[in-house]
Amino acid sequence: MRVGKRGLTGRIISTVLAAVMGITLYTSVPAKQTVKADATTITTITNEAKDTATNTKTTNVTAQTGISGEEIVAKAASYINKLSYVSGGTSLETGADCSGFVCAIYEMFGINLWPYRSTSYMFTNYRWFGTYIGKDPSLAEAGDLIITMGHVAIATGKGTAISCLLQGVREHELVVGDPHHRFGGYGEAGWIIVRPNGVKANVVFNDPINGILNGVDYSSVYDFNYYSTKHPDLIKAFGDVSKAKTKDQKVALATKYLQHFINSGMREGRRASNNFYYRTYACNYEDLRKAFGGEKAKYYLHFMKYGKKEKRNAAKILNPTTVYNGVDYSAVYDFRYYQSKYPDVKKAFGEDDELTLYHFITHGMKEGRQAKATFELKSYRFANRDLRRAFGTDYVAYYKHFMKYGVHEHRVTTGVKTLQNYETVYSGPYGPNIDYSIVYDYNYYVTRYPDIKKAFGYDDKAVLEHFVKYGMREGRQAKATFNLQYYKNATRNPDLIKAFGTNINNNYRYYVHYIQHGIYEHRKGTN
């Protein structure tokens, strides 16, 4: 059973309607100064984020003047998945090995590590170029080097490092014995943390375009391009980023958007990245729902510190709900199938399983949309005349019937391409309970006359009624074995012409005659 916190609320109706109409969710700026960032609130949230999302350390090393370690990390991160490993390589364009990559990155900031390029030389002669921090990797801050006798990496300050591995440049955990980056496993030598001369410690770093503000990296839950284009109310309040003419203007706008996200966006549960949606995160993990309940911001902060590292899924729903108001729609509904079949639904609701289910219930069933591979409304109607008689064109009733009865009765639900056991008996102006099957075939009629199919679809009762009331008068052919003009020919059936004449208002008499007498008299109905 799903946790109650995931129940649909009253907001869902307006949200669904907005999405169906192509309107982006959150169409107005929430109250309580959610756009104008309040400095006190931002400071509070930022401190909370630092406590929750980063490994801020206090060491006995005096802060140095020089380059921000966060800036060095940002530059190194820009090569992730973009630079290949080349043994002995030193180029940030064609490839490098671990020490060549590190030396090239620091050289960009005026710090020369090339004389110490060998990792073993760095390990034993670190005093010539830096300050020893210790052996505990938790002490490593952004821009520090983590060095072993065979490998060197740049610490991110978040318990991970960036280095050029055999797979290329990657951000990775500091795991002893990992064969890819060979940290540890060197007897008693282990690893050491060294802060190169010229790198500042404990520096506040800002890069709002890449999701970093006041030293806190929100990039795992925040994407500037996503946030600045998906919320019209924010674009109206802060400005359109695409119109920024200079980098400084873009950075200024990026700061406003990120401040809003920190100050209000997380608390409002706004989506800020394709890779993270708090509702998906909450849905996937019961332990988080129990811990955080409806405190939306905590889901973001948890993912920043733990979730990403634990490889938790916050982008794709793992167990989509099929229950609404206590009713289980799983017999006719599958979240993944419904979204893959209808791109408009996926575009409107993304990974929101509750809104997607609600759309199916309020719109999809009425429109006859297929939401599960094993249930086709058309096949279910085609195969079951009793249901067509009972429900007619009330599509919703077919879904509900199958959920309650049909699934247990093992009724056919797929693969039926033509209407089965269609109606042929009609009580009307030409007599009660006349069976028109001798001159009428539903499938032949709707195939021969597209206007009939367009007007009545697959309602066999309505199609039969049209044939009786209008089709016969118009001389329409409704079965391959009977053609009015052929039967109405004076040469072939002069007695019928004499009896019924040629007035189109009497055309029905020829059909009825063939049904009641002609076929038994072995008169031919067509060539």
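A residue counts as buried under 20% relative accessible area, as exposed over 50% and as partly exposed in between (1.4 Å probe, protein chains only). The model is predicted, so local features need pLDDT of at least 70 and side-chain atom pairs count only at pLDDT 80 or more, while totals for chains, interfaces and linings use all residues. Residues are numbered from 1 along each chain as its sequence is written, and side-chain values use heavy atoms, with hydrogens and water left out. Helices (H or I, at least four residues) and strands (E, at least two) are DSSP runs numbered from the N terminus.

**Residues with positive phi**

- Most residues other than glycine have a negative phi.
- His-522 is not a glycine, yet has a positive phi of about 65 degrees; His-522 is located in the segment after helix H23 (507-518).
- His-522 counts as exposed because its relative accessibility is 69%.
- Asn-325, also a residue other than glycine, has a positive phi near 50 degrees.
- Asn-325 belongs to the loop between strand E13 (323-324) and strand E14 (327-328), and with a relative accessible area of 67% Asn-325 is exposed.

- Strand E7 (residues 160-165) pairs with E8 in the antiparallel sense over 6 bridges, and Ala-161 stands opposite His-172 in E8.

**Helices across the sheet**

- Axes are lines fitted to C-alpha atoms, for helices over the stretch in contact, and angles run from 0 to 180 degrees between N-to-C directions.
- H3 and H4 pack at an angle of about 125 degrees, with their axes 10 Å apart.
- H3 is therefore oblique to H4; angles under 35 degrees count as roughly parallel, over 145 as roughly antiparallel, 65 to 115 as roughly perpendicular and the rest as oblique.
- Ile-72, Lys-75 and Ala-76 of H3 make the contact with Phe-101, Ile-105 and Tyr-106 of H4, contact meaning heavy atoms within 4.5 Å.

**Two buried residues**

- Asp-144 sits in the loop between strand E4 (130-134) and strand E5 (145-147), and is buried, with a relative accessible area of 0%.
- A polar atom of the Asp-144 side chain lies 2.8 Å from the backbone nitrogen of Glu-141.
- Not counting residues up to four places away in sequence, Asp-144 touches residues including Tyr-106, Ile-133, Ile-154 and Arg-195.
- Phe-303 lies in helix H11 (residues 296-307) and counts as buried at 6% relative accessibility.
- Phe-303 and Tyr-278 are 25 residues apart in sequence and 9.2 Å apart in space, C-alpha to C-alpha.

**A hairpin**

- Strand E15 (residues 425-428) and strand E16 (residues 431-435) form an antiparallel pair over 3 bridges, a hairpin with 2 residues between the strands.
- Within this pair, Tyr-426 stands opposite Ile-434 in E16.

Methods
Polar contact = N/O pair within 3.5 Å; in protein donor to acceptor, adjacent residues only side chain to side chain. Pairing = 2+ DSSP bridges.
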